[in-house]
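Reader: I am new to this structure. Please take one part of it and go through it closely, in plain terms.
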Amino acid sequence: MKSPLRKRLPRELKSEFGKYLVVFIMMAITIAFVSGFLVADGSMIRAYDDSFQKYNIEDGYFRTKKKLTTTQKEDIEKSDVKIYENFYIEQKLTNGSTVRFFKNRKDVDKVCLMKGRMPEKSGEIAVDRMYAENNSLEIGDWVKSGKRAFRITGLVALSDYSALFQNNNDTMFDSVKFGVAIVTDKDFEALNQVKLQYNYAWVYDKKPETEKKEKKMAEDLMEDMTGVVTLESFVPQFQNQSICFTGDDMGSDRAMMVMLLYIVMAILAFVFGITISNTIRKEAGVIGTLRASGYTRRELIIHYMSLPVVITLIGALVGNILGYTLLKQVCAGMYYGSYSLPTYVTIWNAEAFWMTTVVPVIIMLTINSGILYYKLRLSPLKFIRRDLSSRKQKRAVHLSTKLGIFRRFRLRVIFQNISNYMVLFVGILFANLLLFFGLLLPSVLDHYQEEIQGNMLAKYQYILEVPTEAMSGSKLESLLALMQYSNGTETENKTAEKFSAYTLNTIPGQAKSEEVMLYGVEPDSRYIKADLGKGVYVSAAYADKYQVEPGDKITLKEKYERKRYTFKVDGIYNYSGAVSVFMSRDKLNRTFDLGNDYYAGYFSNTKIRDIDEKYIGTVIDLEALTKVSRQLDVSMGNMMGLVNGFAVMIYMIVIYLLSKIIIEKNAQSISMTKILGYTNGEISRLYIMSTMLVVIIELLISLPIEKAVMNVIFRAMMMSSMTGWITLWIDPKIYVEMFLVGFITYVAVALLEYRKIKKVPMDEALKNVE
Amino acid sequence: MFLEIRGIKKSFGTGDSCVNVLKGLDLNIEKGEFCVLLGPSGSGKSTLLNIIGGIDGADEGSITIEGERLEDMTEKKLSLYRRKHLGYIFQMYNLIPNLTVRENIEVGAYLREQPLDVDELLHTLGLYEHQRKLPNQLSGGQQQRTAIGRAIVKNPDILLCDEPTGALDYHTSKEILKLIETVNQRYGNTIIMVTHNDAIKDMADRVVKLRDGMIRKNYRNEVKIPAIDLEW
């Protein structure tokens with residue numbers, strides 16, 4: 001015979017419908033969101049992974065100054081690779097952005113057509129979908145480059161540009177000001193051929209099986225190539241941010257979402273746990289009688305655990321249905337809002353189902369059975385006597401009678417509900433952390449932008465491009481090239497100041513290895529105001545990212561070689577735009593054996609117009625430096641609203657449920673105080689004010705904890721997800737906002753609670769229970 | 001007349017399951033009188049007490065206390081009425097479990113501008129040594145004494161006692177009755193006590209016997225016996 005107790009379940013559900021509905025909604029929404037995310041993420045990761053084969057994504061690319069000769073190509077291909085031309089030309093469009101033009105690729109890095117059609121005639125263009133979206137371009141629109149105009153016929157995703165990095169060294173991709181596009185072969189040849197980049201993709205004849213082998217193969221290939229041709233750039237696939245960034249990011253987001261789900265589930269499980277404890281207290285007599293009549297503890301545990309588990313299961317199922325249908329699109333949209341991903345097909349994700357259905361039920365089972373086992377361990381007699389304390393009778397905490405009765409009353413309410421308030425604290429911490437994150441990111445980005453503007457080294461940094469002949473040709477060739485170079489790069493601009501530069505890489509560790517620009521600065525520089533002498537300064541971004549202090553030593557390495565350099569840091573230079581190192585020009589030229597007169601560029605506060613354009617490699621101006629904040633704003637800006645909304649929802653639900661429990665627990669006392677003649681307002685001041693006090697204290701305590709946690713999380717996030725550095729800056733206003741959001745949420749809940757107090761009937765006290 | 005009860009009727013439930021608990025009661029109680037409502041279970045005595053206390057409403061009839069009609073009062077006024085005039089003692093004490101003895105009494109004291117002195121009352125109640133204890137650290141008698149303390153600390157005009165000794169043993173019951181008697185004598189409150197213990201009638205000024213929702217007997221007790229001498 002089935003336990004007759006089960007008949008209570010629907011009645012319990014009916015009598016506590018509001019509570020169960022709230023928990024159910026929160027579960028379903030969280031699970032829907034996470035399940036939708038995991039399905040979208042899983043399907044997109046699959047699409048992304050499959051794209052390597054489907055679109056024959058390159059194993060790497062290299063760039064040369066001149067077109068490879070047939071012999072050179074054949075020589076390179078002897079190293080078991082196949083070489084494909086993947087030339088491009090970059091041109092500014094009239095909308096202020098830069099587009100990299102390609103011919104259609106037929107063999108390697110193939111193009112995924114997302115909408116419309118590929119260009120067939122002259123004057124037609126297919127642009128990257130993401131870039132088009134960010135620049136409000138649609139099929140049929142025209143884009144202009146100089147005098148040439150192209151009509152957009154299609155929106156595409158280039159398989160080797162899932163993240164639109166203009167340069168592989170860039171801190172962040174930029175899908176607003178940078179895009180890729182395909183034009184017909186004829187139109188490509190009609191573009192400005194001076195800017196033609198001899199970019200080649202390579203594909204290994206036999207793909208490496210492991211990452212380690214891939215690295216080794218890349219190293220060997222580079223060595224082989226340098227014997228054949230002078231390389232301007234050499235980037236194996238695993239170092240190519242345009243290809244790898246998306247995959248890495250999707251993987252890390254997944255872990256974060258799953259963690260979010262489990263934390264929400266654990267909080268809800270504890271909320272249920274407290275509800276159950278309350279029920280056990282209320283039903284102590286019944287439990288004692290049932291136990292005395294022969295019901296086992298296990299039967300009662302199963303009984304009291306049934307509803308939370310059933311609610312979780314239904315919540316998980318509804319959540320999963322919503323996830324697979326509605327939320328999947330929303331979540332996929334979030335990725336499509338950042339990355340140029342190819343089309344995807346929804347894939348049934350057994351792991352996602354497991355994580356969003358089975359695991360939440362297990363969390364609910366574990367936490368609640370633990371609480372129930374603990375609560376039901378007392379003897380039947382103790383239950384019958386309502387003596388639920390396992391310890392000897394608790395003594396009352398002494399409170400001075402100098403405190404008014406209302407104050408003491410509130411303190412007693414607080415002492416009575418410590419366990420509720422502890423769970424509330426965890427809920428507040430978690431909700432506040434989400435809120436903190438949601439409020440923090442936009443302000444960090446704004447501050448970063450301002451900071452960069454405030455401490456730029458110079459309004460413009462012109463990084464010159466030394467012709468390859470100067471470095472690698474015969475001595476005579478090299479000398480001639482150098483002479484031409486120095487003539488072509490001289491300027492009359494009065495604000496210009498020469499500097500030399502060299503790039504090294506950091507040693508991979510907690511953060512990925514990244515390029516560090518080492519500046520060699522003139523003595524008494526107008527731009528770098530530091531007493532460099534014989535020492536080395538690191539930028540503030542460097543110091544903050546790698547936790548370097550004056551007196552420390554830093555070690556950097558050559559990018560493609562094993563050679564390492566160690567420098568002692570004398571000071572920190574207030575520059576947040578990049579991870580960089582400063583020393584005197586002499587020292588830099590000497591350290592890297594570049595010759596006394598070597599210089600790599602100019603600092604200048606005005607545009608330099610008299611340098612031969614072909615010698616200008618990069619111009620670092622405000623726009624280039626704020627690329628990161630711009631892109632993060634585009635990628636994550638919208639999501640922050642969602643995060644904030646979710647945080648407020650958690651706040652409301654946790655505070656509502658826990659304060660509801662407190663009022664239910666004290667229903668009899670509330671009823672009694674009503675009989676005594678206390679008004680609803682006075683009773684609210686006793687019970688609601690206690691919780692309000694706790695909420696205020698917990699909100700305040702949570703702030704420094706949030707700050708410490710955010711320091712760790714933000715650091716870890718910045719370390720793992722990007723090169724370069726954004727300093728964590730917390731606008732004090734955020735603390736006020738966090739506090740106010742928490743407080744206002746509580747006030748909204750308090751109004752509901754006030755209604756509840758009003759509804760407590762006076763005959764509650766007349767019931768024959770203690 | 002201090003308290004006038006006229007034609008009070010009260011029923012619970014509807015249709016076939018409708019039970020008429022009070023079937024039209026008339027009763028007068030004078031100020032300072034100790035009135036005992038006697039009767040078996042279901043006779044309507046507790047219901048009558050709750051209606052006098054303003055925590056339940058009558059279907060018909062009126063209750064007037066010093067000229068003020070209860071049924072004309074709004075919820076707010078009723079609250080004020082209880083606050084000013086009433087003290088309540090229940091069989092199950094209904095103490096606030098997370099407040100100490102002293103604090104429970106102070107909850108009552110708060111309601112009056114000039115309540116009785118709490119320390120003095122604690123002595124009178126024999127609870128002074130226990131004032132820092134929580135209700136669950138007390139015996140039944142001590143809990144009931146605390147409940148009495150909470151009720152009388154605001155020196156109410158009327159003290160309503162619903163089976164105050166119902167959960168107590170013989171000796172403790174006598175102690176409590178003695179205390180109530182002392183309160184009545186010392187502070188002059190009107191006391192209405194519901195009980196099914198016939199012996200208690202001997203200590204009352206007025207005895208009202210109820211059965212089936214009707215007053216069967218209503219008389220003044222000419223020869224009162226002190227609580228200490230009651231036997232049952």
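Author: Chain A is divided into domain 1 (63-69 + 81-204 + 230-239), domain 2 (403-456 + 624-769) and domain 3 (457-623), with bounds that come from an automatic or database domain assignment. Residues are numbered from 1 along each chain as its sequence is written, and chains are lettered from A and ligands numbered from 1 in the order in which they are written. The model is predicted: local features need pLDDT of at least 70, side-chain atom pairs count only at pLDDT 80 or more, and totals for chains, interfaces and linings use all residues.

The part to look at is where domain 2 of chain A meets domain 3 of chain A. The C-alpha centres of these two domains are 48 Å apart. In the contact, 13 residues of domain 2 of chain A face 20 residues of domain 3 of chain A; two residues are in contact if their C-beta atoms, placed from the backbone, lie within 7 Å. On the domain 2 side, α13 (418-454) and α18 (622-625) of chain A are the elements that give two or more residues. Such helices are DSSP runs (H or I, at least four residues), numbered from the N terminus, and strands are runs of E of at least two. The largest share of that side, 3 residues, is from α13(A). By type, the domain 2 side has 6 nonpolar, 6 polar and 1 charged residues. Here Ala, Val, Leu, Ile, Met, Phe, Trp, Tyr, Cys and Pro count as nonpolar, Asp, Glu, Lys and Arg as charged, and the others, Gly among them, as polar.

For comparison, there is the contact between the chains. It takes 23 residues from chain A and 23 residues from chain B. On the chain B side, α2 (75-85) and α3 (101-109) of chain B each supply at least two residues, and α3(B) gives the most, with 4 residues. That side divides into 10 nonpolar, 7 polar and 6 charged residues.

A word on confidence follows. The predictor gives the complex an ipTM of 0.72 and a pTM of 0.72. Chain B averages a pLDDT of 89, and 100% of its residues score at least 70; pLDDT is the predictor's confidence in each residue, from 0 to 100. Within chain B, α2(B) has the lowest confidence, at a mean of 82, and strand β3 (residues 34-38) of chain B the highest, at 95. Where pLDDT is low, the predicted coordinates should not be read in detail.
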